[in-house]
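Colleague: I have not looked at this one before. Can you put it up and take me through it?

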Amino acid sequence: MLILVGGVAILLVRRRRRGTALRRRAAVMEAQGWLVAPAEPWLVELAGRLTIKGRATQMFTGDFGGRGLRVLDYEFTARRGPAPVHLIALSLPVGLPRLTVSRDSTLTRVLGNDIELESQAFNDRFRVQADDQRFASAVLQPRLMEWMLQNPDLQWHLAGNALVSWGYGEVPVAEVLVRLEAMAGVIDRIPPFVLRDYAAS
C-alpha cells in the first residue's frame, strides 16, 4: 500500500513540475509573439508517422520571417514513462509532394528505401525518401545539399504546404529560432521551377 501511495505521489509531483515548465515555456514563446493554439490534427497525425503514435501536449502558432509557423509539443509512452517529441512547421508558398530527409544510420541503411543522389557526402549523412525520385532530385539540388551538410542535425519533411522539422526531447525556444533559420534556408534553396512545376493543383 505504501509503495502504491508513494508511486501516486511521485506521479503527481512530476505532473505539477511538467505543468509549471509548460507555463514558463508558454511565457517565453509569447514573448516571441507566438501564441498557444489548439493542436492541428494534420500535424498530430504527422508526428505519429515520423516518430511513434502518441498525443499532443501543447501547440504554438505565429510568424517567422513572413512565414506562418507552428511548434507542436508531442509525447508518446516509452518504457520509462512519457517521451517528449517536438515538431516545427514553416509554411511553404505552395503545396508540394511528400519528401523526407532524415539522418542516416546503420538501422535506416538496413531498412533500405533510400534515394541516392549525386553527392556521396550527402548520401553518407542523410536518408531521402519520396514517392517520386525525380521530384527528390529536383528539390535536392547541389546548393540545397550543401546547405544540409552545413546543418547536419536538421531533419525535415515536406507535408503539403509546410516544411516540418522534428526531433526528440523538449526543444528550448533559443533552439527553435536556430532551427527556423535552418528551415528557412531549406525553403529559400528550393529551386523556383520546383515550386512552379510540382505545385499541388
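Colleague: Fine. What kind of model is it?

Modeller: It is a predicted model.

Colleague: How many helices and strands are there in the protein?

Modeller: The protein has eight helices and six strands. Along the sequence they come in the pattern α-β-α-β-β-β-α-α-β-α-α-β-α-α.

Colleague: And what share of the residues count as buried?

Modeller: The protein has 201 residues, and 41% of them count as buried.

Colleague: Now confidence. What is the mean pLDDT of the protein?

Modeller: The mean is 88, and 87% of the residues reach 70 or more.

Colleague: Where is confidence lowest, and where is it highest?

Modeller: It is lowest in helix 3, residues 106-111, where the mean is 54. The highest value, 97, belongs to helix 6, residues 142-150.

Colleague: Change of topic. What volume does the largest pocket have?

Modeller: About 450 Å³. Its lining is made of 18 residues, and those nearest the centre are Leu50, Thr100, Ser102, Arg127 and Gln129.

Colleague: Which elements give two or more residues to that lining?

Modeller: Helix 2 (41-50), strand 4 (81-103), strand 5 (126-130) and strand 6 (156-168). Strand 4 gives the most, with five residues.

Colleague: And how does the lining split by class?

Modeller: Six of the lining residues are nonpolar, seven are polar and five are charged.

Colleague: Last one, glutamine 133. Where is it found?

Modeller: Glutamine 133 is in helix 5, which covers residues 133-139.

Colleague: Why does glutamine 133 count as partly exposed?

Modeller: Because its relative accessible area is 48%, and partly exposed covers what lies between under 20% for buried and over 50% for exposed.

Colleague: Which residues is it in contact with, leaving aside neighbours within four places in sequence?

Modeller: Glutamine 133 is in contact with Ile115 and Glu116.

Notes. Residues are numbered from 1 along each chain as its sequence is written. This is a predicted model: local features need pLDDT of at least 70, side-chain atom pairs count only at pLDDT 80 or more; totals for chains, interfaces and linings use all residues. Side-chain values use heavy atoms; hydrogens and water are left out. Helices (H or I, at least four residues) and strands (E, at least two) are DSSP runs, numbered from the N terminus. Buried means under 20% relative accessible area, exposed over 50%, partly exposed in between (1.4 Å probe, protein chains only). pLDDT is the predictor's confidence in each residue, from 0 to 100. Contact means heavy atoms within 4.5 Å. On a 1 Å grid over the protein atoms alone, a cavity is a set of points where a 1.4 Å probe fits but cannot get out, and a pocket is an open set with protein on both sides within 12 Å along at least five of seven lines; lining residues have an atom within 4 Å of a point. Grid points are joined across faces, edges and corners, and a volume is the space filled by probe spheres set on the points. Ala, Val, Leu, Ile, Met, Phe, Trp, Tyr, Cys and Pro count as nonpolar, Asp, Glu, Lys and Arg as charged, and the others, Gly among them, as polar.
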